[in-house]
Amino acid sequence: MSGDEPSVMSDVPRPGRTYGESDSSIALLIAAMPEEFEPLKSRLDDARSVQLPGIHDAVVGRHGGKTILLLLSGIGLVNAAHAATVGLCLGPSVVNDGTVRDGNSDGTASQPAQLGEIGCVMSIGTAGVVPGRASIGDVVVSEKVVPGDFDLTAFGYERGQVPGLTAGYPGDQDLLAAADAFGAKALGFVSVDRFVGIPEAAAIREIFPDASVVDMESSALAQTAVLHGTPFISVRSVTDVIGESETSVHLDEVDNSSEQAATAALGILGRV
């Protein structure tokens, strides 16, 4: 890179609405691992599988009056960004392909219920937390998400700030309010493309003193949602305390924490 400051994309769109203001009833939920995907899939009513390019698994269903498109993205920032883009661009068409129907009183199927665009993007799954901010098994949601590997501080940007965008991506106000009513903790998130274990814990805390939760997908999902002007929130259950828990603790807690995250995600949607 030369010594010139990178150009700023002044025309990047910003979210212009909150989830509660949206006319859409399609919620796009994205999980990285099968262990995080299956507990959500099992809770959906009228679930049906759909095909989307590059997506490991995709299901359309309903819960509590909401239509949900659930995607299995695969682990990491690139997989997450791809899944969000595919879901935002192609999601409404797969939901409205003629198989999502309202039942008539005589038991026959009526015309397909045509739904609007994606109303929100929600990252679902598990995460690590820095000591003192939350405990294993707690449900945490993203007050703000920062891309932890992005660094243009040499040109005067904040760590994690992408030119043309804010330094971190705030969670949607309506979804955060619903998460608070559910009892989830709103904390700062940072996302990196690696599992952060004990050796990196001190560095993460020093570079991002306001970040409490570390995962591998949320910032990519949040940034993609921002580019599409769509409300976003990450809902995670804590599997390990960074700097104190070995990798084995994370693995032991994934199944239980994924169940908790699934319950929380649907509970939050039900309160909006």
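Analyst: Two residues are said to be in contact when heavy atoms of theirs lie within 4.5 Å. This is a predicted model, in which local features need pLDDT of at least 70 and side-chain atom pairs count only at pLDDT 80 or more, while totals for chains, interfaces and linings use all residues. Residues are numbered from 1 along each chain as its sequence is written, and side-chain values use heavy atoms, with hydrogens and water left out.

User: With that term in hand, which residues is S257 in contact with, leaving aside its neighbours within four places in sequence?

Analyst: They are T126, S237, V238 and T239. S257 itself belongs to helix 6, residues 247-269; helices (H or I, at least four residues) and strands (E, at least two) are DSSP runs, numbered from the N terminus.

User: Does S257 count as buried or exposed?

Analyst: Buried means under 20% relative accessible area, exposed over 50%, and partly exposed in between, with a 1.4 Å probe and protein chains only. S257 has 0% relative accessibility and therefore counts as buried.

User: How many helices and strands does the protein chain have, and what percentage of its residues count as buried?

Analyst: The chain has six helices and 12 strands. Of its 272 residues, 54% count as buried. Among contacts between residues at least 6 apart in sequence, 77% join residues at least 24 apart.

User: Which residues have the most contacts inside the largest nonpolar core?

Analyst: A nonpolar core is a set of buried Ala, Val, Leu, Ile, Met, Phe, Trp, Tyr and Cys residues joined through side-chain atoms within 4.5 Å. The largest here has 39 residues, and L28, I30, L69 and L71 have the most contacts inside it. Helix 2 (residues 77-95) gives the most to this core, contributing eight residues. A second, separate core of 30 residues includes Y19, I68, C120 and L175. As for I30, its contacts beyond four places in sequence include L71, A83, V121 and L221.

User: Why is helix 5 described as largely enclosed by the rest of the structure?

Analyst: Helix 5 spans residues 218-227, and eight of its 10 residues are buried, so the rest of the structure largely encloses it. The buried residues are S218, S219, A220, L221, A222, T224, A225 and V226. Just after this helix, G229 takes a positive phi of about 65°.

User: Which residue other than glycine has a positive phi, near 55°?

Analyst: Most residues other than glycine have a negative phi. D46 has a positive value, near 55°. D46 is found in strand 2, residues 45-49, and is exposed, with a relative accessible area of 67%.

User: Where does R271 lie, and what does its side chain reach at 3.1 Å?

Analyst: R271 lies in the segment after helix 6, and its side chain reaches the backbone oxygen of G267 at 3.1 Å. R271 is partly exposed, its relative accessible area being 47%. Beyond four places in sequence, R271 is in contact with A178, A181 and F182. From C-alpha to C-alpha, R271 and A177 are 8.8 Å apart, although 94 residues separate them in sequence.

How values were computed: Polar contact = N/O pair within 3.5 Å; in protein donor to acceptor, adjacent residues only side chain to side chain.
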